[in-house]
Amino acid sequence: IIGITVSKAENFSGWYQEVVLKAEMIEYYNEISGFFILRPSSMYIWNTIRKWFQERIEALDVEEASFPMFLSSKSLEKEKDHVEGFAPELAWVTKAGDKDLEVPVAVRPTSEAVMYPYYSKWIRSHRDLPLRLNQWNSVVRWEAKQTTPFLRAREFLWQEGHTAHLTEELAGEEVLQILELYAGVYEQLLAVPVVRGRKTEKEKFAGGYYTTTVEGYIPSNGRGIQGATSHCLGQNFSKMFDITVEDPAPKAGDKAKHIHVWQNSWGLSTRVIGVMVMIHGDDKGLVLPPRISKLQVVIIPVGINKSTTPEDKAKHYDQLQELKDTLKKAGVRADYDIRDGYTPAWKFNDWELKGVPLRLEYGPKDAAKSVVSFARRDTGEKGTISISDLAKDIPALLETIQSDMYNKAEKSFRAHRIVISKWEEVIPALDAKNVVLIPHCLKEKCEDKVKDLTTGKQEDAEAGEMKAPSMGMKSLCIPFEQPEPKIVKGETKCLNPECEAFAEAWCMFGRSY
Ligand SMILES: O=C1CCCN[C@@H]1CCCn1cnc2cc(F)c(F)cc2c1=O
Ligand SMILES: [Mg+2]
C-alpha cells in the first residue's frame, strides 16, 4: 500500500519519517548522513514563506546581501568565547585538490564572523546607521545528535538578518518587529500557534545580550520546540569586531568619542516545515494548510468506467478542464487527476497522503445536477457545491480550512500550557503531555537543578524496562504574556523546592526538541 503504515499516536518519530518521505517532501541523502534533499513540495512551502517574509522585511528597509560561505579561523578567533561551545559543529575544508590549504577554512554555521569585519569597515558615521542586511542561504552545523528531516539537519536553509543601530532602543524595537513576523509565518501561513517570549540566560544565544523567541508545541509528545529567534546582540559583537561610529551628539567640550553600535541578528529556518508536518499530519499522511499548499484543490473524475463511451469520457474530461479554469480564475491552485489505470479510491489515498487540503469529486451524476462533491482533508467533512458557486465557495472554504486548522492547534496548545504553583504537580503535568508555566527565579544554576529534578532516574525505570528515563524539562521562554496572578517581586518563591530565591517571572518549561 502506498499509505502510511505507522500510526502517529503509536510511533511518532517513525510516522514522521514515513510521512515526509511518502509525501515526497524529502529524500535522504544517502551519500552522507545528516543531509536531506528538499523536493518540490517542500521548496514550494519554503518559497511561499520566503516571499511572505521578504516582502515584509523590505518594508522595514532590510536589504539583501550575499557573503562567502567560508570563515577564516582568524575571524572565528574574534568570537572565540561563545564559539568554543560550538567548535564540534564546525565543518572544515583543509584541502583543495591534492594540496593542503595553508590555512583551513570553516564552512559557515552562521555568518556573524563573515559579515562583521565588513560592518566594521562600512559603518563609520551614525549616518551609516541603521545598517540592515539579510541573507537567504544555507549553513552547516555538523550535529552530533541524531538528525531528522527539517528539525535537525547538518545543512539547512534559513535566512539570517544582521542589523546595526545607534541605540539600544532602536535595536530593541526591531528585535520585536522581526519576532512578530516570525510569529506571522507560523500563525498566518503554517496555521501553527506560537508563544512569544524571551529566552532565559541559560537558553539565550551566549554571544548575545538577550534572545527573543517564538515557541511551538507538539501535541503528539507534549514537547516544546523553538520556532525562530530574534536576538539583540547588544554591543558584544561591535566590541569584538570594532564596529563604532562617532558620537553624533557629543556633550559640549567633550572630545569626539566613538560609540559601539547596537546589533541584532535573527533567523528562521526550514525547521518551520517540520513543525507544521508534526502538528497537522495524521495517519493518512500530510495535512497542508491551504495558504502554503502548492496544490490547494485536486479534482478527481468518478463514475467513469469501461462502460463509459469514449465520447462521454472526452466530454467529461472537458468539463474537468472547465472546473479547473474556473478555480484558477478565482485564484485557486487547482488541478485534476486523470491518470489512467488508477481507481478514484487509489487517487483519493494518494492526494490525502500528499496533504492536498481539498478534494473535489466530479462524475456524470454530479454533472447531471451541476454540482461537485467535496471532501476536506483536515476534518474529512464532505458535501456538495453547485458549480455556479465554485468561484466564490471554494476560496471561502479554503480560508475556513486554514483558520480551522489554526484554531484547532491553538486550542490544543492553550489546553496543554498549565499554570502550576505546586512543585509536585510538575512531573504529572509533563507526563500528561503538557508544558508548564511556573514561578521561577530565572537563574541558570536553578534551571540546571530543575532539569535534574525532572529527569527520570534509571533506578525509577521498572527493572529491565527498555524505556529511557523520562527527559528533564528545560526552560522554553519567559512569555511576554504573563499569566495571572502576576508575579510580584519578593512575594512569590521560585517553584524549585531546592531554591531559596524569589520568583522573577512565570517561566514556561517543558520537555523539548
Ligand atoms: O541564531 C541566530 C540567528 C541568525 C544569525 N545567528 C544567530 C546566532 C547563531 C548562534 N549559533 C548557533 N550555532 C552555531 C554553531 C557553530 F558551529 C558556530 F561556530 C557558531 C554558532 C552560533 O553562533
Ligand atoms: Mg545547535
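How far is the sulfur of C477 from the closest cysteine sulfur? Select C477 and C507: the sulfur of C477 is 7.0 Å from that of C507, its closest cysteine sulfur, so this pair is too far apart for a bond. C477 is also buried, at 0% relative accessibility (buried means under 20% relative accessible area, with a 1.4 Å probe and protein chains only).

Quick ground rules: this is a predicted model, where local features need pLDDT of at least 70, side-chain atom pairs count only at pLDDT 80 or more, and totals for chains, interfaces and linings use all residues. Residues are numbered from 1 along each chain as its sequence is written, chains are lettered from A and ligands numbered from 1 in the order written, and side-chain values use heavy atoms, leaving out hydrogens and water.

Now search the whole structure for disulfides (cysteine sulfur pairs within 2.5 Å): there are zero. Pick C446, for instance: the nearest cysteine sulfur, in C441, sits 3.6 Å away, and C446 is in no disulfide. C446 is buried as well, with a relative accessible area of 6%.

Next, select ligand 1 and show what surrounds it (a residue is near if one of its heavy atoms lies within 4 Å). You'll get 17 residues, with F86, T110, E112, R141 and H231 the closest. Zoom in on the side chains: a nitrogen atom of ligand 1 is 2.6 Å from an N or O atom of E112, one is 2.8 Å from such an atom of T110, and one is 3.4 Å from such an atom of R141. The protein covers 94% of the 500 Å² of accessible area that ligand 1 has on its own (Shrake-Rupley, 1.4 Å probe).

Definitions and conventions. Polar contact = N/O pair within 3.5 Å; in protein donor to acceptor, adjacent residues only side chain to side chain. Buried < 20%, exposed > 50% of the residue type's maximum accessible area, 1.4 Å probe, protein only.
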